[in-house]
Amino acid sequence: MIDPKDLLDFIKERRSIRDFQPKQIPEKEIEMVLEAGRWAPSASNRQPWEFIVIKNRDILKRIARVTGYGWFIGEASFAVAIVGKPYISHNWYVVDTSLVSMNMMLMAWSLGIGTCWIGSMNKEKAKEILGLGHNDYLLTVLPFGYIRGAIPDPTDRNPLNRIVKEI
Ligand SMILES: Cc1cc2nc3c(=O)[nH]c(=O)nc-3n(C[C@H](O)[C@H](O)[C@H](O)COP(=O)(O)O)c2cc1C
């Protein structure tokens with residue numbers, strides 16, 4: 001078991017990273033990121049997802065071009081498209097794949113690998129580039145790369161006394 005204080009500090013320290021070193025990431029570390037995603041919880045344990053690992057520079061750059069603010073995916077060492085399968089769990093595929101993404105982001109952070117959720121993306125065009133079917137749901141494409149430069153300053157969070165109610 002992990003020390004609770006260490007876990008909380010770790011969660012707080014994670015930052016979205018948009019600047020990557022042009023350095024290859026060993027397969028073992030890529031596998032750990034995927035494995036962390038695989039172990040996400042899902043409704044009725046249906047695991048309504050598939051992961052597409054993208055290392056091809058041309059594909060990364062093509063995806064970068066269909067983002068609004070996600071150009072940095074073109075510079076990533078690899079990316080993972082997290083694909084939801086509505087026909088496996090039509091009520092929960094968005095929630096379940098979102099949990100996958102968080103697991104992957106935290107695993108990456110523990111390895112010194114940066115990532116950032118990219119929501120600003122033309123998903124239909126990205127799906128076409130990835131060869132996804134009409135029934136596939138593209139949650140996001142997470143770019144991964146070793147962090148270049150300084151870790152960005154901590155981002156703000158609303159204080160607990162503003163967001164917590166006790167009844
Ligand atoms: C659903 C979602 C969509 C996001 N979309 C983008 C995006 O398109 N481009 C980007 O640079 N960051 C994006 N982000 C990253 C957020 O800006 C970032 O998580 C937030 O500012 C807090 O910063 P932190 O992750 O460093 O704590 C997104 C995050 C989430 C959760």
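**Ligand site, pocket and fold of a predicted model**

In the predicted model, a nitrogen atom of the ligand lies 2.9 Å from a backbone N or O atom of G119, a polar contact (N or O atoms within 3.5 Å). Residues are numbered from 1 along each chain as its sequence is written. Because the model is predicted, local features need pLDDT of at least 70 and side-chain atom pairs pLDDT 80 or more, while totals for chains, interfaces and linings use all residues, and side-chain values use heavy atoms without hydrogens or water.

- The ligand is surrounded by 13 residues, with S16, R18, Y69, T155 and R157 the closest (heavy atoms within 4 Å).
- This shell comprises 5 nonpolar, 4 polar and 4 charged residues, with Gly counted as polar and Tyr as nonpolar.

**Largest pocket**

- The lining of the largest pocket consists of L8, I11, K12, R14, R15, M102, L106, P154, T155 and R157 (1 Å grid, 1.4 Å probe, protein on both sides within 12 Å along at least five of seven lines, lining atoms within 4 Å of a point).
- T155 and R157 belong to this lining and are also among the residues closest to the ligand.
- Helices α1 (4-13) and α4 (93-110) each contribute at least two lining residues, and α1 gives the most, with 3.
- By class, the lining holds 5 nonpolar residues, 1 polar residue and 4 charged residues.

**Overall fold**

- The chain has 6 helices and 4 strands (DSSP runs of at least four residues for helices and at least two for strands).
- Read from the N terminus, the order of elements is α-α-β-α-β-α-β-α-β-α.
- The C-alpha trace extends over about 45 × 40 × 30 Å along its principal axes.

Terms used:
A polar contact is a pair of N or O atoms within 3.5 Å; within protein, one must be able to donate a hydrogen and the other to accept it, and residues adjacent in sequence count only if both atoms are side-chain atoms.
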